[in-house]
Amino acid sequence: MTKGKDNKKHFFIYKPIKKITNFIDVITINFTAILVFIMLIIVLLQIITRFLGVSFSWTEELSRYLLIWIGVLSASAALKRGAHAGVDFFITLFPKRYRNLIVIFNAIIMIFFLFYFINVGWESAIKANRITSTALELKMFWPKVAIPVGGILMIINLIYLVIDNLDRFIFDRNGGM
Amino acid sequence: VNPTPDNPVVMRISYNAPETLNTEVVQWEQEHGLAFIFKNLVESGTDGAVKVELYPNAQLGDNKASVEMVMNGSIQGCVETGVLAGFYPEFEVINIPYLFKSPEIAWYVFDNSEYWTNLKEDMREKTGLRLLAMGQNGVRHFSHSDKFIKSPADLKGQKMRVMQSPVFVRMMKAFDANPVPMAFSELYTSLQTGVVDGQENPVSVIAVNNLNEVQNYLTLDGHLWSEDGFVINDDFYNSLPEEIQIVMIQAARQAEVVNRGIETIHSSGPGLEKLKDEGMNIYVPTMEEKTAFAEIAQPPVVEYLQDKIGEETVAGMLEAVSNAEEALGY
Amino acid sequence: MAWWLFIPFIITMILGVPIAFSLATSSLVFLLAWGVMPIEVIAQRFFSSIDSFVLLAIPFFILAGELMNRTGITKSLVEFANLIIGRVRGGLAQVNILASILFAGLTGAGVADTSALGSILIPAMEEQGFEPEYSAAVTAASSVIGPIIPPSIIMVVFGSIMGLSVGSLFAAGIIPGIVIGLALMVMAYIISKKKDHPYREGKVSSKEFWVVTKKAIYSLIMPIIIVGGIFSGLFTPTEAAAIAVAYALVIGFLVFKSLSLEDLQKSLIKSGITTSVIIMIIGAANVFGWALSIERIPQFLASFLLSLDLTKVTFLLLVNAFLLFMGMIMETGANAILLGPILMPIAIQLGIDPLHFALIMLVNLNIGLATPPLGVCLFVACPIADISMGQITRSILPFMIMEIIALLIITFMPEVVLFVPRLLGY
Ligand code: NA
Ligand code: NA
């Protein structure tokens, strides 16, 4: 990615959506960073309290739920950075310009999946509202709602990916990601 | 639905236990026994109009996941242990320490009391789970790396692994032990390396998971009774014609008896034999010793449960138990 | 019905959809086409498979490795390896392999190894006259050792789904990791003779020796803390990961004083992102595995394999060939989650020790980290050396042959795997 002013020709929605996704991304990654740190403190606390003979019953459960939130939230940041592993061998067989179209197609497939993922995730979170966790007696809605929230963030990033690649394809910028 | 042999309805049942039976320890696995008998009786009783497919080894998901799948209809039934309270808090009433002096009393309460019938009915209305059989996963006992737990004083300051449940934590705290909530997957190593000193589980769990390799002393105190609950999706059940429903009730009842029988064989026969043969020291506490445990462990748990699931539910169970004891001549 | 699972899977994978989404989308298509099961099962299976305490080790081991790297410990490890082995034929190539073995004690993933060591060693090797594609190939091939010597994220994942103790897997990985390293060193030696690669000349002063060793010792202590802590009962494998982070923080902030708060922030972010990649694969592979189970495909495969009446040896050879192939086309974690439950019961029935078989699977699948077309370590090494996949494919071939030889040693000499675990009482 090149820094500095971008004076190239773009779709009208390209710049605003780029700004929005970048803003969401900064918030997401820093928020999950804090969650990772809290999770670390909790597990260290669990070890120390066991040595002191005053174990809490909630440390394990809380750290598990934090892990779920971390995993699902960061998934959108991972999408943005192309960190999810995939076989890009066959794509490289295509001319550079047309790789943008494959990326768009793939993004649409993922959005299709995420649409259902968010729906059923939300449904199961709502149902889980009646159930409480064993140790914290927390409404299971809270750990489970991580799925739809993470799903929405992922869709936002994918929409950006589609627009970005469409923009690259039409204005013939330096080829795919 | 009106299933016929030509147009059968499929019923999928999930459980954690393996299908292949560990012949070294036991001839049969009780969860598989329950599912197997149910399958055979339902399939023959409906002349194949209901096809029962078994999914052992937690291949569709663990206990909690299986119950969730039954609730949302992904599968029709499952055999679970210890997770129903997560979906219907009142179920935790069976977790009062030393509630049943023997499995026989537990069976009597589950099979004959009006209290239990009402509780099941309430659960069915609130969760859509129909408890078709109340099998037995076993009675939980204390084990320790280097000493017998004969009195509450023996537990003082000991790091005891418990399930991540407030009831278990409260019970251990009442004994002045140091309860360490821990996932079962970490238990063996933690006992081996001394992260924890002891644990509590039924004989079959100890035997099948070879915990005797890392625990030398077992006290058969039986502080908690735990279930192999066979729950099925109520909507599925209601969609079936009455004749089939009756076949299912009968099949489940017989499967339940077989399950309890197998568990009893485990915990009194081959399972216990295995533990002894492999060098585990086993102690059977006296009634007085058990009472000493009970007097300390019960009050905080009862108080907690009264608060959580209501005094009536707790009192009802205690009454059902004393009625059962009376009826059985205790 | 099963075609509704496999065809979308193959299509999406060829198109380059990330493996997690490829697995999840094909499961969704299967459920939609079948129409019997509520789709909710996707959320349900996804959630409950990642709701596991053992998996907490993943972000912590990533974080610890990241912090150690930012502290500058990677460089000191490379210097230390150079002291020990730099004078051997193959010079920096040997250093690269030894550094990977040492670095494996800090990192839980192969990619971390490639990026941390590669960014130091590939430029250094090129400067000394090694070919860029050779430098990248050595780096990627030796990165495979990272997740075999403890700590190891893939072992955490595998242990948690297969119900094997993570501690015993960690113990079992130590010797196989070293065996692979030695095998690679042999090849580096042979190649260096043929191509007349440079190596370090001249002795090192004892003063320099101590300075370098002292710096490296902090990182060499880390695996001792992790493995020792687990075996002495101070903490569980998951907690050991958190202790590793605490140790890295102490070293970075108090001993080396080279870590900044910004480093911490960046490491935490990196840990979150890498964790999510693994979590998404675990969740999606479990959904996919559920669909396989409901279609009874594992049973079908198992009974097919058993009907072939294979001997132990033919079974192991067949499995190894199959896994090598799967490792080439699919991600390591997804492979472990999907294939472990199918193959393990058959292996046990044939009388193979579960721990031994687990290591065969894990070593084999980890080799896939450095094999084209889907070898994540290659993806990382190529841009560092500025070469193409085609170039690295050719130069990694001799190292792949050595890794397969090492794999066969591990497969047919169970003691290589089981010696340490037995010693520690597993
Ligand atoms: Na490692
Ligand atoms: Na690969």
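Across the interface of chain B and chain A, three residue pairs are found in polar contact, both partners at pLDDT 80 or more; a polar contact is a pair of N or O atoms within 3.5 Å, where within protein one must be able to donate a hydrogen and the other to accept it, and residues adjacent in sequence count only if both atoms are side-chain atoms. The structure is a predicted model, in which local features need pLDDT of at least 70 and side-chain atom pairs count only at pLDDT 80 or more, while totals for chains, interfaces and linings use all residues. Residues are numbered from 1 along each chain as its sequence is written, chains are lettered from A and ligands numbered from 1 in the order in which they are written, and side-chain values use heavy atoms, with hydrogens and water left out.

Helices (H or I, at least four residues) and strands (E, at least two) are DSSP runs, numbered from the N terminus. By class, this side of chain B has 11 nonpolar, six polar and six charged residues; Ala, Val, Leu, Ile, Met, Phe, Trp, Tyr, Cys and Pro count as nonpolar, Asp, Glu, Lys and Arg as charged, and the others, Gly among them, as polar. In total, 23 residues from chain B and 17 residues from chain A take part in the contact (heavy atoms within 4.5 Å). The two chains bury about 1500 Å² between them, with carbon and sulfur atoms giving 47%; buried area is the accessible area (1.4 Å probe) that two parts lose on being put together, summed over both. Within chain B, B:Gln164, B:Asn178 and B:Pro181 lose the most area to chain A, together 31% of what that side buries. One salt bridge is found across this interface, a salt bridge being a side-chain nitrogen of Lys or Arg within 4 Å of a carboxyl oxygen of Asp or Glu. B:Glu68 forms a salt bridge with A:Lys144, their closest N and O atoms lying 3.1 Å apart.

Turning to chain C, its contact with chain A takes 55 residues from chain C and 57 residues from chain A. Here about 4900 Å² is buried, 80% of it on carbon and sulfur atoms. C:Phe21, C:Glu40 and C:Phe47 supply 13% of the area that chain C buries against chain A, more than any other three residues. Three salt bridges are counted between chain C and chain A. A:Arg50 forms a salt bridge with C:Glu239, with 2.8 Å between the closest N and O atoms. There are also 10 residue pairs in polar contact across the interface of chain C and chain A. Among the elements of chain C that each supply at least two residues to the side touching chain A are helix 1 (3-14) and helix 13 (261-294), and helix 13 gives the most, with 12 residues. That side of chain C has 42 nonpolar, nine polar and four charged residues.

Within chain A, A:Thr32 lies in helix 1 (residues 14-52). A:Thr32 has a relative accessible area of 2% and is therefore buried (under 20% relative accessible area, with exposed over 50% and partly exposed in between; 1.4 Å probe, protein chains only). A:Thr32 touches A:Ile70, A:Leu73 and A:Ser74, not counting residues up to four places away in sequence.
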